[in-house]
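Subject: Structure handover

Hello,

Here is the structure I said I would pass on. My notes on it follow below.

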Amino acid sequence: MISDRRHTILNLIIEHYLATGEPIGSKAICQLLPYPVSSATVRNEMAYLSQLGYLEQRYTSGGRVPSKASYRYYVDSIMRENPVPEYDKQRIDETLSVYSGDPERLLNSASKLMSEYSNCASFCCMLEDTADCVRGVELIPAGGSRTMLVMVTAGSRIKSSLVNMTCPADDEFRALFYGVVNKFFIGARLVDITPAFIQSTAVYAQSRIFDLLPVLISLCSLCSEASQNTLTLEGETNLLSHEELGTGVYRLLSFLTEKQQLIRTISEFANSSKSREFFIGEENPLYEMKETATAVAKYTYPENQKAVIGIIGSMRIDYKNIIPKIRYIADTVDTLLSKGGMI
């Protein structure tokens, strides 16, 4: 059981360290306490908190610093969150509502905001869905011999690319293209659309198959892209300013760049019963992230599409300001996805 005085002392030590990165001694704590107490008493209380595993002493004659366990206790039992300023709420609402009809852009925009407001790295992972299929395809003239190809899936993923045409995209060509799309592509699973699948359209297209190949090959590539896990990182360089990570920041950046192991862990979380988690230190499931604080939020939207966004930073972050802002962004995304873009 931690008494009110120990509670207050621990709070002072943690918040001092979060702000400065420096240990604090008993005399300094005496000056910060709202009531008179001797240095000897404070040292005894600090020794007790150390026995509980909440404080560490780096040097024999030095002050105390928080342990990994203390951050969890601080977040759960001590911290008083600062409210999100109305200006920030309005900016977040306006930024995200622009993409309310496009879940992928909405989630990526939310990830960028999380990185900006936390000064941490952030990520957005769109998870593969083997049942997702083609809902619609459009050809849009882009000037000269170029055409914009846009593909939309049943899971609301939107992919596009510019195609250099080998023939004019006139009415006859467009009629043939949409005929092929409606007969072969609409309703087809993304994972089934392969180069071999394109070959099956040759009988229908007959002599014009070679005119169609550039757009059909591009469409095949878009389907392949939409069918895979995609992990987008933002603000990785922010981690370089997190002194607490030390030289380990380079190992962490290398790990994030590799992506595959992180994607596997995100996929496991997405398939769990939990919708949000905040891991601190050893709570992180990945060894490479044991020195970090990581927040993750899962979303499931129409057609059983799943995505996860979150932040990664050192354990020495401004919890009482960052957590409410990250939560507000996550809640806003949840509202936009579940209520059709209305905040």
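In which helix does Thr265 lie? Thr265 is part of helix α12, residues 260–270; helices here are DSSP runs of H or I with at least four residues, strands are runs of E with at least two, and both are numbered from the N terminus. With a relative accessible area of 17%, Thr265 is buried (buried means under 20%, exposed over 50%, partly exposed in between, with a 1.4 Å probe and protein chains only). Leaving aside residues up to four places away in sequence, Thr265 touches Pro285 and Leu286, where contact means heavy atoms within 4.5 Å.

Before the rest, two points on how to read this. The model is predicted, so local features need pLDDT of at least 70 and side-chain atom pairs count only at pLDDT 80 or more, while totals for chains, interfaces and linings use all residues. Residues are numbered from 1 along each chain as its sequence is written, and side-chain values use heavy atoms, with hydrogens and water left out.

Aromatic pairs

The structure holds seven aromatic pairs. Rings of Phe, Tyr and Trp (its six-membered ring) pair if their centres lie within 6.5 Å; planes under 30 degrees apart count as stacked, over 60 as edge-to-face and the rest as tilted. Tyr74 and Tyr319 have ring centres 6.2 Å apart and planes at 65°, so this pair is edge-to-face. Because Tyr74 is in helix α4 (residues 68–78) and Tyr319 in helix α13 (residues 319–338), the pair ties together parts 245 residues apart in sequence. Both Tyr74 and Tyr319 are buried.

The rings of Phe278 and Tyr319 are also edge-to-face, because their centres are 6.1 Å apart and their planes at 90°. Phe278 lies in strand β8 (residues 276–280) and Tyr319 in helix α13, so this pair links parts that are 41 residues apart in sequence. Tyr71, Tyr74, Phe278 and Tyr319 form one aromatic cluster.

Helix α7

Helix α7 (residues 171–185) has 15 residues and should span 21 Å at 1.5 Å a residue; its end C-alpha atoms are 20 Å apart, which agrees. The expected span is 1.5 Å times one less than the number of residues. Among the buried residues of α7 are Phe173, Leu176, Phe177 and Val180. The buried residues of α7 pack against β4 (134–141), β5 (146–153), α8 (195–199), α9 (202–205) and α10 (209–226). Just after α7, Gly187 takes a positive phi of about 90°.

Regards
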